[in-house]
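User: I am new to this structure. Please walk me through how to read its features, one at a time.

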Amino acid sequence: MAGDNLMNVHNTFVHQISRPHGEPVIENFRFVDQPLEPLQDGAAWVKNIHFSIDPYMRECMDGDWELDEPLEGRTIGRVVKSTNPALNRGDWVFHRKGWRAYAQVTAEESRKITPVEGVPLRTWLSLLGGTGLTAWIALTKITRLQPGESIYISSAAGGVGSAAGQFAALLGAKRIIGSTRNPEKANILTEKLGYTDAFVYRSGRISAQLRDIVPEGIDVYLDNVGGEQLEAAITVFNNFGRAALIGAIAQYSALTPSVSPNNLFDIVGKSLTLRGFLVRDYTTYQNELEKFIIPHIQSGKVVPQETVYYGFENIVGAFLSMLKGGNIGKALVSIE
């Protein structure tokens, strides 16, 4: 199939050129320009439009990402040229070849997105993307939140937390408590994102803060942080509580191991269940998520909370800002 003439177009990649020591810095990255390579049979050129910025990428920097090679990430783009009848010019596709201006993908490496009225395309990287799916799996498959239960969510104003609070409200949670970095974020949690309670955590005091808010205890915990936050949840858990271990952003750049939690034996005493998972193992539930959530997005009951940075040249800065808590909701980069 014919498409745009891309003969004189250059591609721009972001490479990681060094390993971080502690917090990543802009010098760990380099922008690289090069001509587009020939389009292979059965593939398509996709112009990347929306880029997902995720905490897991920090772990990738320690070894999963090869140095001086194109990086990866969840991305939505538009097909501009194709040699595959399953990928037509103008199609919107989701794929994982991010951190670059153009991506060459096959049908097997991508998933078509059919735009839905009242749902911005970016939503397939936030509430309807891996972020929202992570929250959905944590709530419905890992912890199996029940109506009337109380749930605590750490890093509540982040991408997963902003989705999980709203989803938990729809699922009938009685108390939805979130911890975050500052009062502005705490207000957004309770005013916009379904939380009944929110607090600004203080190191060394998190268990006491959580106990003050919910003295009756919690039934479910979604752990996006690890360390003291997990220790606090174990302290306040009711018997037979369940935790989904999603991430440990507090430890990704730490130069010394975390000393928390110090109460792991309470897992035995309270008959708790703590279970980690990777969302990539649950992609078969994507349609279930969309069927449940899309009507609520269209009605305005559920809001895709996003912090959008514009311009591909800002992708590294957006990533570094996200790691420092500069985003509210899902962090994204968009070129339009």
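Analyst: Start with the nonpolar core, a set of buried Ala, Val, Leu, Ile, Met, Phe, Trp, Tyr and Cys residues joined through side-chain atoms within 4.5 Å. Buried means under 20% relative accessible area, exposed over 50%, partly exposed in between (1.4 Å probe, protein chains only). The largest such core here has 47 residues. Leu-128, Leu-139, Ile-151, Phe-167 and Leu-222 have the most contacts inside it. Several elements give two or more residues to this core, including helix 2 (130-142), strand 8 (150-153) and strand 11 (218-223). Helices (H or I, at least four residues) and strands (E, at least two) are DSSP runs, numbered from the N terminus. Helix 2 supplies the largest share, seven residues. Another core of 21 residues lies apart from it, with Val-14 and Phe-51 among them.

This is a predicted model: local features need pLDDT of at least 70, side-chain atom pairs count only at pLDDT 80 or more, and totals for chains, interfaces and linings use all residues. Residues are numbered from 1 along each chain as its sequence is written, and side-chain values use heavy atoms, with hydrogens and water left out.

User: How do I read an aromatic pair, and how many does the structure hold?

Analyst: A pair of aromatic rings is described by the distance of the centres and the angle of the planes. Rings of Phe, Tyr and Trp (its six-membered ring) pair if their centres lie within 6.5 Å; planes under 30 degrees apart count as stacked, over 60 as edge-to-face and the rest as tilted. The structure holds twelve aromatic pairs. One of them, Phe-29 with Trp-99, is stacked, at 5.8 Å centre to centre and 10 degrees between the planes. Phe-29 lies in strand 2 and Trp-99 in the loop between strand 5 and strand 6, so the pair ties together parts 70 residues apart in sequence.

User: Which kind of pair do Phe-29 and Phe-319 form?

Analyst: Edge-to-face: 6.0 Å centre to centre, 85 degrees between the planes. Phe-319 is in helix 10, and the two residues are 290 apart. Both Phe-29 and Phe-319 are buried. Ring pairs link Phe-29, Trp-65, Trp-99 and Phe-319 into a cluster.

User: At what angle do helix 2 and helix 9 pack?

Analyst: Two packed helices are described by the angle between their axes and the distance between the axes. Axes are lines fitted to C-alpha atoms, for helices over the stretch in contact, and angles run from 0 to 180 degrees between N-to-C directions. Helix 2 and helix 9 pack at about 95 degrees, with axes 10 Å apart. That makes them roughly perpendicular (65 to 115 degrees).

Key:
Parallel < 35°, antiparallel > 145°, perpendicular 65-115°, else oblique.
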